[in-house]
Amino acid sequence: MLSVADAERIILAAVAPLTEVEGVHLPDATGRILATAVKSQLDFPHWDNSAMDGYAVRFEDVADCAEDNPQALEVIEEIAAGQPPEKTLQSGQAARIFTGAMVPSGADTIVMQENTIREGDRVQVLKSPKALGEFVRHRGRFYQAGTPLLNPGIRLGAAEIAVLAAAQCNLIKVIRQPRVAILSTGSELVAPEQPLKPGQIVDSNQYALAAFLEQLGIEALRLGIVADEPQVLRQNIREALQWGDVVLSTGGVSVGDYDYIEGILQELGGEVLVQSVAIKPGKPLTMARFAKLRSLYFGLPGNPVSALVTAWRFVQPALLKLSGLSQGWQPQFVEAITELALPAAPSRETYIWGQVKIHEGRFYFNCAGGSFSSGNLVNLAQTNACAVIPVGSPGIAAGERLSLLLLSF
Ligand SMILES: Nc1nc2c(c(=O)[nH]1)N[C@H]1C(S)=C(S)[C@@H](COP(=O)(O)OP(=O)(O)OC[C@H]3O[C@@H](n4cnc5c(N)ncnc54)[C@H](O)[C@@H]3O)O[C@H]1N2
Ligand code: MOO
Ligand SMILES: [Mg+2]
């Protein structure tokens, strides 16, 4: 049985980030991973412009003015944003200007409107600017044309999409999305919409995994429920591996008579890298690499909580690394204070699900109510973090610090 740390290392080492590139239009680029550096032929700002509504002036004209010593200037034109100036400012002159408008030649400083009094075609400046260039946003101050604007390997969110739009990048090169197939193994399973006969179990894992993937920005190929019949399972798994970069199944990975997954992976030529892990829940986690197909198989345990906890702990970083993210794909742990006492972990690293909150700048963890069983998915609702209890820990008292795996925060 591997330790959690060793299993993580083996799994993540087996992941080769995707490199294939595709083009998407800007409105479709949200959530995608940038494949190549983006440069712009434009400086940012594109030209000297005003940061305030006020007057464009020559600093030397107003360097010494004050309320009891105002400086009168002649207003020679009005420049709105989007409108190029027509005149060149001479000494003793000002131009009415608005935020974002181009600074006219001859001017070097902006005086904000609040420090002026307008009198017809003249303006009185009541306060001298702090420095030459005050409230001028100079061309190229934020970014110089031709240098990298966005680096590859980043996920495109609202901020990056704004940058791309401003740089007029309409077609973006992104890394293709991972292909992930999911299947639920188990002859006892029925879909949520089917009537339940005695002894049957509703296939919640398929839905949980599809939602888990969707939250990572991946649309899963849902292969449905596959019965515990070796021939049928083998055929489904073979096809899934041919199509996908990653195949996730649940169930059939323990030691029962109907637990066929590991044997099938070996028959299909997979290199089984993980067979069991000292983690609770999730001990029978199985992972295999199919080098020729360039695909990975995760056989997650069938118990609903075991399936999700192992997905959060191992599959999530693997998929984020696969997606081409250059950083931030590793699992995120923070130090937190537990509100309630947590149990001992004699032999397996134990994950206790619950909720994390920030209070006065600190993380606080509240474990879920109800019973902690890998078969109880009811108290999994609203989980956004898992407390990690290290192997050999006698338990963690209320008010003590612990390490927390952040899920979505
Ligand atoms: N003798 C032993 N028995 C078990 C061991 C062990 O070490 N020795 N390990 C236990 C642990 S820990 C886990 S976790 C489970 C994992 O079992 P499998 O991965 O083989 O899963 P199944 O046997 O197929 O199912 C277990 C349980 O989960 C339910 N299930 C399965 N699929 C779904 C689904 N898609 N949606 C909802 N629920 C599902 C299934 O009906 C069973 O109740 O093994 C222990 N046994
Ligand atoms: O590891 Mo199992 O997931 O304890 O029930
Ligand atoms: Mg089983």
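Modeller: Before we start, a salt bridge here is a side-chain nitrogen of Lys or Arg within 4 Å of a carboxyl oxygen of Asp or Glu. This is a predicted model, where local features need pLDDT of at least 70, side-chain atom pairs count only at pLDDT 80 or more, and totals for chains, interfaces and linings use all residues. Residues are numbered from 1 along each chain as its sequence is written, chains are lettered from A and ligands numbered from 1 in the order in which they are written, and side-chain values use heavy atoms, with hydrogens and water left out.

Biologist: OK, how many salt bridges does a search of the whole structure find?

Modeller: The search turns up 10. In one of them, the side chains of Glu 8 and Arg 313 meet at 3.2 Å, N to O.

Biologist: Which helices does that pair link?

Modeller: Glu 8 is in helix H1 (residues 4-13) and Arg 313 in helix H7, so the pair links parts of the chain 305 residues apart. Helices are DSSP runs of H or I with at least four residues, strands are runs of E with at least two, and both are numbered from the N terminus.

Biologist: Switching to ligand 1. Which residues are closest?

Modeller: Glu 188, Asp 203, Ser 254, Lys 283 and Gly 302, out of 23 that surround ligand 1. To count, a residue needs a heavy atom within 4 Å.

Biologist: And what classes are in that shell?

Modeller: Eight nonpolar, 11 polar and four charged residues. Ala, Val, Leu, Ile, Met, Phe, Trp, Tyr, Cys and Pro count as nonpolar, Asp, Glu, Lys and Arg as charged, and the others, Gly among them, as polar.

Biologist: Which polar atoms lie by ligand 1's oxygen atoms?

Modeller: A polar side-chain atom of Lys 283 is 2.8 Å from an oxygen atom of ligand 1, and a backbone N or O atom of Gly 252 is 3.1 Å from an oxygen atom. There's also a nitrogen atom of ligand 1 at 2.8 Å from a side-chain N or O atom of Asp 203.

Biologist: What surrounds ligand 2?

Modeller: Pro 281, Gly 282, Lys 283, Asn 303, Ser 306, Arg 348 and Ser 374. By class, that's one nonpolar, four polar and two charged.

Biologist: How far are the polar atoms of Gly 282, Arg 348 and Ser 374 from an oxygen atom of ligand 2?

Modeller: For Gly 282, a polar backbone atom is at 2.5 Å. A polar side-chain atom of Arg 348 is at 3.0 Å, and one of Ser 374 is at 2.5 Å.

Technical notes: Polar contact = N/O pair within 3.5 Å; in protein donor to acceptor, adjacent residues only side chain to side chain.
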